[in-house]
Amino acid sequence: MQLLDGNACSEEIRKEIKNEVENIIATGGRPPHLAAVLVGNDGASQNYVAFKIRDCEEVGFDSTTIRMDASITEQDLLNKVSELNENTAIDGFIIQLPLPAHINESKIVLAIDPKKDVDGFCPENVGNLNLGLPTYVSATPNGIMELLRRNKITTEGKHCVVLGRSNIVGTPMAILMSRNTDPGNATVTLAHSRTKNLKELCLTADILIVAIGKTEFLTADMVKEGAVVIDVGQTRVPDSTKKAGFRNVGDVDFENVKTKCSYITYVTGGVGPMTRASLLQNTLKAYRINRETSDV
Ligand code: NAP
């Protein structure tokens, strides 16, 4: 069994991006600039945004965090989105989800200029992904593809079972793995909570990508010998031995599943850091697109 090391792989990507930023600056350009909008005080969201901003600093991007009170109106947030759409000093921005219940997330996402939608959540970018056109691929599936590519994992002709059909992970993941690309060219089954005979289905998988948010759901008896297992899950579980008071647990029973795998990711050093690196890649892409071409 070999670990697919997202920490090492993302570090490689961050170094590449840092070099590119240094070149941009050496030739008289300004650094790429990411803005993150944080609404309310959700602890996990605050952490995620803090990590993203720290990543920006590390590679030499400019970054701005915009904090808004949980009580803001939907219109206030829409106004902020249009301000960011118009602001030529900002190349891309994210609205950290989830938003407070009184704000319609879809309405906000629809208002983002697709050229600045570095999360890849806008309908135009999702549509382009489906059509195989240039786009921003949402960060987690993009990071997983990069992890497979950089580790030279063969996916062509393999049976890939994706567990979970969310718009941000499972569904784009299934599209990317089925595309005529490398990695890709897999035969994909997209499974969800209504899938019958899940265990039998998983046992036919050469590649398992698990994104359901249920701790240690995928057990060793569901995994074929030699399978590649990618664990996307990240659920906070109380843990008094940790400074933060919790630890993140994946969707895969890592200790038992690893003995059967050819390759496996671990939580939190697998998909998480790759997701963060992908956002940096998308921001650099946005910088170029907003400068050089109108083709996202
Ligand atoms: P989500 O919106 O929470 O949806 C969960 C999906 O799992 C749904 O499609 C659901 O099916 C399916 N599901 C639930 N129980 C199932 C079961 N028993 N058998 C089969 N399928 C089942 O998904 P998400 O936002 O993609 O998040 C999934 C996990 O990934 C979470 O732990 C999240 O924190 C983590 N995540 C991690 C990263 C990272 O960077 N590491 C990024 C994003 C998400 P239905 O559609 O039928 O309800």
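Start by selecting helix H1 (residues 6-26) together with H10: the two pack at an angle of about 20 degrees, and their axes are 8 Å apart. Keep in mind as you look around that this is a predicted model. Angles under 35 degrees count as roughly parallel, so H1 and H10 are roughly parallel to each other.

Keep H10 highlighted and bring up the ligand. Which helix gives the largest share of the shell around the ligand? That's H10, residues 271-292, with 3 residues in the shell.

Now show the whole shell. There are 20 residues around the ligand, and those that come nearest are Arg165, Ser166, Ser193, Gln234 and Thr275. Colour the shell by residue type and you get 7 nonpolar, 11 polar and 2 charged residues.

Time to zoom in on individual contacts.

- Pick Ser193, one of the residues that come nearest. An N or O atom of the Ser193 side chain is 2.5 Å from an oxygen atom of the ligand.
- Click on Lys214 next. Here a polar side-chain atom lies 3.2 Å from a nitrogen atom of the ligand.
- Then go to Val232, and show the backbone this time: a backbone N or O atom of Val232 is 3.4 Å from a ligand nitrogen.

On its own the ligand has 920 Å² of accessible area, and the protein covers 72% of that.

Most residues other than glycine have a negative phi, and most peptide bonds are trans.

Select Asp182 and Pro183: the peptide bond joining them is cis, with omega about 0 degrees. You'll find Pro183 in the loop that runs between helix H7 (170-178) and strand E6 (187-191).

Move on to Val267 and Thr268. Is the peptide bond between them cis or trans? This one is cis, with omega near 20 degrees.

Last stop: Lys152, a residue other than glycine with a positive phi, near 55 degrees. Look for Lys152 in the loop between helix H6 (139-150) and strand E5 (159-163).

Conventions
Residues are numbered from 1 along each chain as its sequence is written. This is a predicted model: local features need pLDDT of at least 70, side-chain atom pairs count only at pLDDT 80 or more; totals for chains, interfaces and linings use all residues. Side-chain values use heavy atoms; hydrogens and water are left out. A residue is near a molecule or strand if one of its heavy atoms lies within 4 Å of it. A polar contact is a pair of N or O atoms within 3.5 Å; within protein, one must be able to donate a hydrogen and the other to accept it, and residues adjacent in sequence count only if both atoms are side-chain atoms. Accessible areas come from the Shrake-Rupley method with a 1.4 Å probe; for residues, only the protein chains shown count as cover. Helices (H or I, at least four residues) and strands (E, at least two) are DSSP runs, numbered from the N terminus. Ala, Val, Leu, Ile, Met, Phe, Trp, Tyr, Cys and Pro count as nonpolar, Asp, Glu, Lys and Arg as charged, and the others, Gly among them, as polar. Axes are lines fitted to C-alpha atoms, for helices over the stretch in contact, and angles run from 0 to 180 degrees between N-to-C directions. Angles under 35 degrees count as roughly parallel, over 145 as roughly antiparallel, 65 to 115 as roughly perpendicular and the rest as oblique.
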